[in-house]
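Good morning, and thank you for joining.

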Amino acid sequence: MTFEEAKVFFEKDLFATQAAGIVLEELDENHCLCTMKITPNHLNAVGSVMGGALFTLADFGFAAASNFIHPGTVTLSSQIEYLSAAKGSLLTAVTRPVKEGRHACFYETVITDELGTKVAVINATGYRK
């Protein structure tokens, strides 16, 4: 799968791309970079970016990264650590493989805001069908 093919394929993820506004910016076998502009729809009652919005960004990055070379990979588990409140208006998620096994894979996603603040770290385990 090429980057352009992946971009077209993952545009079908309407929750991530339309509801959350996530954009797949870069993708290859070593990393995935996605962005999400923070809008009022991403904020919780106290005005911070909702944890679910951050998790959606990370989950989309994992899906794109893990399926780029191995289509059919699904999430077995994910763990998110919220580190800091997001500032600014743009979030960036970089997902990288940690280990690629025959059936299991492990990825880490780091979400930062446009000021360089590390907002969250997500570890995901996938299964290759």
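In which strand is Leu76 found? Leu76 lies in strand β3, which covers residues 73-82. Strands here are DSSP runs of E of at least two residues, and helices are runs of H or I of at least four, both numbered from the N terminus.

Before I continue, a word on the source. This is a predicted model, in which local features need pLDDT of at least 70 and side-chain atom pairs count only at pLDDT 80 or more, while totals for chains, interfaces and linings use all residues. Residues are numbered from 1 along each chain as its sequence is written, and side-chain values use heavy atoms, with hydrogens and water left out.

Two strands pair if DSSP finds at least two bridges between them. Strand β6 (residues 118-128) runs antiparallel to β3 and is joined to β3 by 9 bridges. Gln79, for instance, has Asn123 in β6 as its bridge partner.

Leu76 itself is exposed, with a relative accessible area of 54%. The cut-offs are under 20% for buried, over 50% for exposed, and partly exposed in between, with a 1.4 Å probe and protein chains only. Together with Val74 and Tyr127, Leu76 makes a nonpolar surface patch of about 260 Å². Such patches take residues with over 30% relative accessible area and no salt bridge, nonpolar side chains being joined within 5 Å and like charges within 9 Å. A salt bridge means a side-chain nitrogen of Lys or Arg within 4 Å of a carboxyl oxygen of Asp or Glu. The areas come from the Shrake-Rupley method.

I turn now to the rings. Rings of Phe, Tyr and Trp (its six-membered ring) pair if their centres lie within 6.5 Å; planes under 30 degrees apart are stacked, over 60 edge-to-face, and the rest tilted. The count comes to 3 aromatic pairs. Phe9 and Phe10 form an edge-to-face pair, 5.0 Å centre to centre with 90 degrees between the planes. Phe9 is partly exposed at 43%, whereas Phe10 is buried at 7%.

Note on methods:
Accessible areas come from the Shrake-Rupley method with a 1.4 Å probe; for residues, only the protein chains shown count as cover.
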